[in-house]
Amino acid sequence: MRVLLLVPATPSSGNTTSAERIRCAPFTQEEVLGRRILNHLIAEGHSCLFLENDELSTRGHIRAFLEANGISAVIGVHLYKVGRLLQGCPVPFGIVFGGTDLNEDAKSAAKLAVMASVVRESRFLVAFTDELKETAVRLWDDSHTKIHVQPQAIITNPTKNFDWRDYLYKAGVPLKPHTLLFLLVCGLRRVKDPLFIIHAFSDWHETHADVFLLIIGPELDPVLSAEVKNCTANMSGVWFVGPLPQAHLHAAMSSSFCLVNSSISEGMSGAILEAMDLGLPVVARTNSGNRSLIHHEETGLLFCTGREFVVQARRLIGDSLLRRHLITGAKNLLETSHSLSSERRTYARLVHLLI
């Protein structure tokens, strides 16, 4: 079978060139997942192509591409961003929910109507969690027979020759040997809410100068990006680093103290899974997607406010036994619920529904 994997285009700011985007790719969770599914299907003997949807920006482009390349099926990642282009698709398709499609796009009546049409036409739907499946079923009660729950797997590959602290020193971050690095890894967009904890963190830094918060990711929302850069330029202890190539990001995680997630909503955070795999403890804002991964005081720590974040972060610093317990619990979670072999079996089975 010849299958097209279609994922949302990686947004970029007006200052980001194509070369810079390629250098830092893959960054988005959808792209990383799409490439992993691609590898699963190739391993099962299927012929696959991988594209971002800006290369096929209309339904007409989709149809022409499918015909010209002998595509017999499509798997899309994100019910709205990709699914809207697959309405009326002449070949069978399945959709993997992204998270923002159900948690954010569904708040728009127009987008909700489009997604309802895509749900009806799709052969299968994939949710990362039972809770995400329940959200979809509440929106479209006849969708429950199509939805398959498959948690994301994860692959990390930190580069061996990337000196994270030297990189930061050259970027002007005034590190000391004992500085504890907290990483907030996200594309700068509203749903990730990168400003949520920075005031509380900066206040904490004023009395504990050995803690730094580093925001890593591309500038996706120009207005929010300007706010973040303005805030970090005028606050102590908080720095905007920008995007890193994925292997460098994994190396940075391996050399840091803690991953922070401050998102308003999540489907299933790839950054959290990567941190768990690399032995980096996670302190995350409470939302349904984060709760699917973070069992408080077992696989990570949860917070609801900036002040609560500081409380949990200080616990992590002061209790080495808790830190080791969280790292071990997170590793166990990945082994039992997020294995690559389980993910491969699921997509190998689902692709046959597209015949």
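His 78 sits in the loop between strand 3 (73-77) and strand 4 (93-96); helices (H or I, at least four residues) and strands (E, at least two) are DSSP runs, numbered from the N terminus. This is a predicted model, in which local features need pLDDT of at least 70 and side-chain atom pairs count only at pLDDT 80 or more, while totals for chains, interfaces and linings use all residues. Residues are numbered from 1 along each chain as its sequence is written, and side-chain values use heavy atoms, with hydrogens and water left out.

Is His 78 buried or exposed? With a relative accessibility of 0%, His 78 counts as buried (buried is under 20% relative accessible area, exposed over 50% and partly exposed in between, with a 1.4 Å probe and protein chains only). Its backbone deserves a look too: although His 78 is not a glycine, its phi is positive, at about 105°. Most residues other than glycine have a negative phi. Asp 193, another residue that is not glycine, also has a positive phi, near 50°. You will find Asp 193 in the loop between strand 7 (180-185) and helix 8 (198-207).

Now for the serines. Ser 47 belongs to strand 2 (residues 47-52) and is partly exposed, with a relative accessible area of 31%. Although Ser 47 and Met 1 are 46 residues apart along the chain, their C-alpha atoms are separated by 6.1 Å. Leaving aside residues up to four places away in sequence, Ser 47 touches Met 1, Arg 2 and Val 3, where contact means heavy atoms within 4.5 Å.

Ser 256 lies in the loop between helix 10 (246-254) and strand 10 (258-261). Its relative accessibility is 11%, so Ser 256 counts as buried. Residues up to four places away in sequence aside, Ser 256 touches Trp 164, Leu 181, Leu 183, Leu 280 and Arg 323.

| Serine side chain | Partner | Distance |
|---|---|---|
| Ser 47 | Arg 2 side chain | 2.7 Å |
| Ser 256 | Trp 164 side chain | 3.1 Å |

Finally, the helices. The axes of helix 2 (residues 29-43) and helix 15 (residues 340-350) come within 9 Å and cross at roughly 70°; axes are lines fitted to C-alpha atoms, for helices over the stretch in contact, and angles run from 0 to 180 degrees between N-to-C directions. Helix 2 is therefore roughly perpendicular to helix 15 (65 to 115 degrees counts as roughly perpendicular). Helix 2 contributes Leu 33, Arg 36, Ile 37, Asn 39, His 40, Leu 41 and Ala 43 to the contact, and helix 15 contributes Leu 340, Glu 343, Arg 344 and Tyr 347.

How do the axes of helix 11 (residues 270-277) and helix 14 (residues 320-337) cross, and at roughly what angle? They come within 8 Å and cross at roughly 110°, which means that helix 11 is roughly perpendicular to helix 14. Here Leu 273, Met 276 and Asp 277 of helix 11 meet Ala 330, Lys 331, Leu 333 and Leu 334 of helix 14.

Note on methods: Parallel < 35°, antiparallel > 145°, perpendicular 65-115°, else oblique. Polar contact = N/O pair within 3.5 Å; in protein donor to acceptor, adjacent residues only side chain to side chain.
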